[in-house]
Amino acid sequence: MRHYITVLTIHYIPFASQHNGKMSAYISHMILYEFVDSGNCYKIRMLLAELELPYTKVALDRLSSVRNTMEFLCKSPLGKVPVLEQDGEYYTESMAILYKLSTGTSLNPESPRVIQWLSFEQGEIQSSIGAARYLNKFCQELPPADLIERAHEALCVVEQQLKETGQYILGSTYSICDIALYAYIHLAPEAGVSLEPYIHIMQWILTIQGLPRYVAII
Ligand SMILES: N[C@@H](CCC(=O)N[C@@H](CS)C(=O)NCC(=O)O)C(=O)O
């Protein structure tokens, strides 16, 4: 049985990354274990594309038993993706991976505000929009009304923030907070959550989609 579906371009040359003039730490070759249609994995692909960092993708099958093997559980104790492999170390949790990869670049001001929005994404956006999308898209189950209500409450917070900043989550500079939040927010319609009431969010989505190194989820 074939568990690993695709392995794309492989680069073995260590390099450093630069973003808007700020050099990140020396970065060696990376492998991203992922589901292609996962919002959490997409966040990492968005950042890697923005930083123009080469890496190998290992696409896992959602139904494959490979995630329950000892080999994979050593990489990710709950068998979840994304997992980033670098220099023999394995990193799980999309927020931690975003933070690690962007440290030292202009995408990460390394302030408590960054932690605030990354935590908000996990606690309020992924747990509502992400969970509702999973039910709607992958289980063909109608998400419960309280999940949809929570999604709208969280979207109101993001809408207000974007109204105040006028462009991106932290102000005039694109950051990992935008990447973290964008991944599931732009997929809200797949969760049965309309974005139509949120004019600032809709504008922000268009802005991000117009960025030169933007990549779509699939
Ligand atoms: N908090 C984690 C969530 C990871 C997660 O739930 N990943 C999903 C894919 S989006 C997964 O691997 N699900 C498989 C499972 O739960 O067995 C993160 O942000 O990376």
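1. In this predicted model, E110 counts as exposed because it has 11 C-beta neighbours inside 10 Å, where 12 or fewer is the limit for that class. E110 sits in the loop between α3 and α4, and it takes a positive phi of about 50° although it is not a glycine. That is worth a look, since most residues other than glycine have a negative phi, and most peptide bonds are trans.

2. D87 is exposed, with 9 other C-beta atoms within 10 Å. The peptide bond joining V81 and P82 is cis, with omega at about 10°, and P82 belongs to the loop between α2 (70–75) and β6.

3. As to the overall layout, the protein chain contains seven helices and seven strands, which from the N terminus on follow the order β-β-β-β-α-β-α-β-β-α-α-α-α-α. Buried residues make up 35% of the 218 residues, and among contacts with a separation of 6 or more, 69% come from residues 24 or more positions apart.

4. Strand β4 (30–34) pairs with two other strands: with β6 in the antiparallel sense over four bridges, and with β5 (residues 56–60) in the parallel sense, also over four bridges.

5. Helix α5 (residues 145–165) has 21 residues and reaches 30 Å from its first C-alpha to its last, close to the 30 Å expected at 1.5 Å a residue. Its buried residues are I148, A151, A154, L155, V158 and L162; they cover an arc of only 125° around the axis, which puts them on the same side of α5. The spacing is in keeping with a general rule: an α-helix has 3.6 residues a turn, so residues three or four places apart point the same way. On the other side of α5, the exposed residues are A145, D146, E149, E153, V157, Q160, K163 and E164. Just after the helix, G166 takes a positive phi of about 85°.

6. The buried residues of α5 pack against α4 (112–138), α6 (176–185) and α7 (199–209). The largest nonpolar core has 49 residues, of which I129, A151, A180, L181 and I185 touch the most other members. At least two residues of this core come from each of β4, α1 (39–50), β6 (83–86), α3 (94–102), α4, α5, α6 and α7, and α6 gives the most, with nine residues. Domain 1 (4–102) and domain 2 (112–209) both give residues to the core, so it lies between them.

7. Leaving aside neighbours within four places in sequence, L181 is in contact with W117, E121, I125, V158 and I169. I115 lies in helix α4, and with 13 C-beta neighbours inside 10 Å it counts as partly exposed; its C-alpha is 8.6 Å from that of C177, although I115 and C177 are 62 residues apart in sequence.

Note on methods:
Residues are numbered from 1 along each chain as its sequence is written. This is a predicted model: local features need pLDDT of at least 70, side-chain atom pairs count only at pLDDT 80 or more; totals for chains, interfaces and linings use all residues. The expected span of a helix is 1.5 Å times one less than its number of residues. A residue is buried if 20 or more other C-beta atoms lie within 10 Å of its own, exposed if 12 or fewer, and partly exposed in between; C-beta atoms are placed from the backbone. The arc is that of the directions from the helix axis to the C-beta atoms. Two residues are in contact if their C-beta atoms, placed from the backbone, lie within 7 Å. A nonpolar core is a set of buried Ala, Val, Leu, Ile, Met, Phe, Trp, Tyr and Cys residues joined through C-beta atoms within 7 Å. Domain bounds come from an automatic or database domain assignment. Two strands pair if DSSP finds at least two bridges between them.
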